[in-house]
Amino acid sequence: MSTRPILLVEDNPDDVELTRIAFAEAKIANELHVVANGAEALDYLFARGDYAGRPGHGQPSLVLLDLNLPRMDGREVLQAIRADAGTRSLPVVVMTTSTEPFDVEACYSLGANSYIRKPVDFGQFMWAVKQVGMYWLVLNHPREG
Amino acid sequence: MKQEHSSGQPLPGGASAGALAAADAATGDGGDLAARLRECEAELARVLQDQAHVSYGIAHDLRAPLRAIEGFATMLEQHSGESLDDTGRGYLARIRTAAVRMAGLIDALQALSRASHDHIDVVDVDASLAADWALVELRDADPGREVVAEVQHDIQVRADERQLKQLFDHLLHNAWKFSAGRDVVHIDISAEREGGRVRIHVRDQGSGFDPRHIERAFEPFQRVHGPDEGGGHGLGLAIAQRIAWRLGGDISVDTVPGEGSVFHVELPAATGAPAEP
């Protein structure tokens, strides 16, 4: 099981807290690093700006990406992740409220690994977060390095 | 000259300001009509754009706070439920039920908007399969309910498969709900072809309703039944009607209180031709 942190890109503090609770209940112990906008997500991934020389410098085991973010939205973040050799193979799971066909389509063509709609029902939300964690942190074997 | 709105579908109506200007020139009526039609087209494009934004906003920005309400009410129940009395736990249960109900309403509003705007692929579709599929999903969602369903085989129409399935979802869900007081849900789906049209009949043996309310039944948010009689968010039949219209068809209902309802869906018949662009 991967022990590297999970990067959560989410601007809604309620959703951040619910995601924390869901990971805790699912016994997923990886550190959850939260950034509230797209620009900060890229600073973290590329270890620049406030994250210049961040300790460990390794990439997260998983990026959970919301779509509607202030300043730079989730699609642009996804595009930047896929455009750089250092982050190209990172698993990125889009977790959002939208099921608009054009959002789903845009995310897959930009290279999202999964697209998950956040359910309103907390039981279903927990189930979804647990499945994501189980698949990407336990079952899936990532590329080395 | 034809304007298009955001989803790339041509505006309804068919006539364009350009065509009308040509007609004006030919009859010497001046450009007034053409100018007015151009204004109307521009106005319609703006309205459609606004509607798309409102629909997107509803779908996203209203769901996030609901998730917080439902999620934290659940957490409160788990963490502090013991220290609450029955009344307090009852209030929490009401909060959660209301949040989930509102989420269902938001989904239905979005479906209503999509019924008129989504891209559609019109091809030959086996409506019997679409109806069977909708029935299977309803049975899965309510496994305790006894259902006797008869679906005529090989009903071939020209439609968008996903939207046709949705149309059946709403009609069958309706039949299901209004059979709430019956021991068994009876659903019978038959059809006949008349020239280039197919008339599909979805018959239930539920509670029916007062025929004076037939017009209202298809209007958004109009409920002919209260929540205790199986009434829902009041959008299902409105969505079904929008879909029928969008597919070049229509929908109507005959109903007898206490005996049940028959919904008639008229659609273009299958043609054997490939997909329309």
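Val253(B) stands opposite Phe263(B) in β7(B). The model is predicted. Strand β7 covers residues 260-268 of chain B and is joined to β6(B) by seven bridges, the two strands running antiparallel.

- β6 and β7 of chain B belong to an open sheet of five strands, ordered β2-β4-β5-β7-β6, with mixed pairing.
- At the edges of this sheet are β2 (146-151) and β6 (250-256) of chain B, each of which pairs on one side only.

**Helices of chain B**
- Helix α8, residues 236-246 of chain B, packs on the sheet and touches β6 and β7 of chain B. The direction of α8 makes about 140° with that of β6(B).
- Helix α6 of chain B spans residues 161-177, which is 17 residues. From first C-alpha to last, α6(B) reaches 24 Å, close to the 24 Å expected at 1.5 Å a residue.
- Of the 17 residues in α6(B), 13 are buried, so the helix is mostly covered.

**The loop between β6 and β7 of chain B**
- Pro257(B) is found in the loop between β6 and β7 of chain B.
- Why does Pro257(B) count as exposed? Pro257(B) has 11 other C-beta atoms within 10 Å, and a residue is classed as exposed if that number is 12 or fewer.
- Exposed as it is, Pro257(B) still touches Gly208(B), Phe209(B) and Asp210(B), leaving aside residues up to four places away in sequence.
- The C-alpha atoms of Pro257(B) and Ser207(B) are 5.9 Å apart in space, although the two residues are 50 apart in sequence.

**Chain B as a whole**
- Chain B contains eight helices and seven strands.
- Of the 277 residues in chain B, 29% are buried.
- Considering contacts in chain B between residues at least 6 apart in sequence, 68% join residues at least 24 apart.

**Domains of chain B**
- Chain B is divided into three parts: domain 1 (17-59), domain 2 (62-117) and domain 3 (123-268).
- The centres of domain 2 and domain 3 of chain B, taken over C-alpha atoms, are separated by 28 Å.
- Where these two domains meet, eight residues of domain 2 of chain B are in contact with nine residues of domain 3 of chain B.
- On the domain 2 side of that contact, six residues are nonpolar, two are polar and none is charged.

**Contact between chain A and chain B**
- Chain A contributes 14 residues to the contact and chain B contributes 15 residues.
- On chain A, α1 (13-25) and α5 (122-139) each supply at least two residues of the side that touches chain B.
- The most comes from α1(A), which gives four residues to this side of chain A.
- By class, the side of chain A that touches chain B holds five nonpolar, four polar and five charged residues.

Conventions
Residues are numbered from 1 along each chain as its sequence is written. Chains are lettered from A and ligands numbered from 1 in the order in which they are written. This is a predicted model: local features need pLDDT of at least 70, side-chain atom pairs count only at pLDDT 80 or more; totals for chains, interfaces and linings use all residues. Two residues are in contact if their C-beta atoms, placed from the backbone, lie within 7 Å. Ala, Val, Leu, Ile, Met, Phe, Trp, Tyr, Cys and Pro count as nonpolar, Asp, Glu, Lys and Arg as charged, and the others, Gly among them, as polar. Domain bounds come from an automatic or database domain assignment. Two strands pair if DSSP finds at least two bridges between them. Axes are lines fitted to C-alpha atoms, for helices over the stretch in contact, and angles run from 0 to 180 degrees between N-to-C directions. The expected span of a helix is 1.5 Å times one less than its number of residues. A residue is buried if 20 or more other C-beta atoms lie within 10 Å of its own, exposed if 12 or fewer, and partly exposed in between; C-beta atoms are placed from the backbone.
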